[in-house]
Amino acid sequence: MSDTIYALSSGALPAGVAVVRISGPHTPDVLTALCGSLPLPRQAVLRSIRNRNGDVLDQGLIFHFAAPASFTGEDCAELQVHGGRAVVNAILAELELFPGLRHAEAGEFSRRAFHNGKLDLVEIEGLADLIAAETEMQRRLAQEHSSGHLSMVYDGWARRLTHARAMIEAELDFADEDDVPGSVADRIWADMRLLKTEIEAHLDGAGVAEIIRDGLKIVIAGEPNAGKSSLLNHLARRDVAIVTDIAGTTRDILSVDLSLAGFRVQLFDTAGLRETDDRVEQEGIRRAYLSIDQADIVLLLADTPHGFAALGEDQRTKPLIRIGTKIDRSPDLWDKADADVLISTETGAGIDRLLELLVEQLPDLSGRNALSLPTRKRHVSCLKQTLSAIEMSLVQSNRGLDIQAEYLRQAGDALGRITGRVDVEDLLGVIFSEFCIGK
């Protein structure tokens, strides 16, 4: 933490603009050496950036952020320069020559922000998700976390747990004092039961958050030549899968990511389901059934009404949409009751209706003004531990207030591990290793 670190903090080169970030105690000296003088804090100035020999490396905007009013809480600087590889490499090479400076490790800027109390773990994870967001719902969810809204929820719960423990300690230690309230049971246990209900409702949103963050898994299944690969290509708007009239062309799992109503959707094409002696095709069919087991939704395709039998009734454990295909070739073959939707990838008929059916399977977020949902397994695990400890505290009334207070302490510790309010050193390496260099 005593080193001054630097790194390219913007995207891949070449680019129109590149941002080189510096953070640490030597930042003012470095800026003075590179630019001739130290700019006023939080003001953009146009300066020439020179090496030790006085040669101009580039001209760009220079920002100085004096501690503690910076991203990391330390003295920071940003050099906004032209995004050519030679320009950036020359500046990084010059920074390397300064004593006390070193190249930042992955996620080190954010880690310093955490250690200096500028961000908590939930906000930092939200920042990582915001950078990686590909759909509108992912952006909204990440923005909710990176802005601190979810942390406010957890901090509020932590304060209630602390208050409850304080009331118990007061009754245990100062029961004879006039200013100590009466039985804590009347004052805190009702709130603890309410808190238990709130955490349970919060955990119910974990499934929605998982779909938003990781995507809805949709598997296309059916007999050979039912039009599975054609549907995948049509929805992806490009040739992802090979399409032929030869049965068994698709033998492995193909996938494509789509955005549907702001949600990420993972669409999987699978091998045709049939009996075969071909060992390679048998392996493809085995993987197809495995994908069906892991799917959120199954699109079962058939080019004839009796083709839906390819997926046996005992295997239909997932939400399923029956799709009749190739209706441009034999429109009289189908009755509307035979399938949930009839489509043709050649003409596009029925595709809009299919997309409407898929949208109906997405989580209903109407009425939600915020997306303060637990998105990671560690969030869910810590919340379950918190909930379990509160439940134990509520049912241990016959064992004394000191035992109940200990369970509330355990609940507070579990909740604190989500945001990093307690000792979470073991988590830090895992969390920050996901970051790119320069962030």
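Me: In which sense do strand S3 and strand S4 pair, and over how many bridges?

Reply: In this predicted model, strand S3, residues 45-50, and strand S4, residues 56-65, pair in the antiparallel sense over six bridges. As a general idea, the side chains of a regular strand alternate between the two faces of the sheet. One place to look in this pairing is Val 45, which stands opposite Ile 62 in S4.

Me: How many residues lie between S3 and S4 in the hairpin?

Reply: There are five residues between the two strands of this hairpin. In the turn, Gly 54 has a positive phi of about 85 degrees.

Me: How should I read two packed helices, and what is the case for H9 and H11?

Reply: In general, two packed helices are described by the angle between their axes and the distance between the axes. Here the axes of helix H9 (residues 228-236) and helix H11 (residues 351-360) come within 12 Å and cross at roughly 85 degrees. Angles of 65 to 115 degrees count as roughly perpendicular, and H9 and H11 are therefore roughly perpendicular to each other.

Me: Which residues make the contact?

Reply: H9 contributes Leu 231, His 234 and Leu 235, while H11 contributes Ile 351, Leu 354 and Leu 355. Of the residues in this contact, five are nonpolar, one is polar and none is charged.

Me: Where does Arg 376 lie, and is this residue buried or exposed?

Reply: Arg 376 lies in the loop between H11 and helix H12 (377-395). Buried means under 20% relative accessible area; Arg 376 has a relative accessible area of 10%, so this residue is buried. The C-alpha atoms of Arg 376 and Val 122 are separated by 9.8 Å, although the two residues are 254 residues apart along the chain.

Note on methods:
Residues are numbered from 1 along each chain as its sequence is written. This is a predicted model: local features need pLDDT of at least 70, side-chain atom pairs count only at pLDDT 80 or more; totals for chains, interfaces and linings use all residues. Side-chain values use heavy atoms; hydrogens and water are left out. Two strands pair if DSSP finds at least two bridges between them. Helices (H or I, at least four residues) and strands (E, at least two) are DSSP runs, numbered from the N terminus. Axes are lines fitted to C-alpha atoms, for helices over the stretch in contact, and angles run from 0 to 180 degrees between N-to-C directions. Angles under 35 degrees count as roughly parallel, over 145 as roughly antiparallel, 65 to 115 as roughly perpendicular and the rest as oblique. Contact means heavy atoms within 4.5 Å. Ala, Val, Leu, Ile, Met, Phe, Trp, Tyr, Cys and Pro count as nonpolar, Asp, Glu, Lys and Arg as charged, and the others, Gly among them, as polar. Buried means under 20% relative accessible area, exposed over 50%, partly exposed in between (1.4 Å probe, protein chains only).
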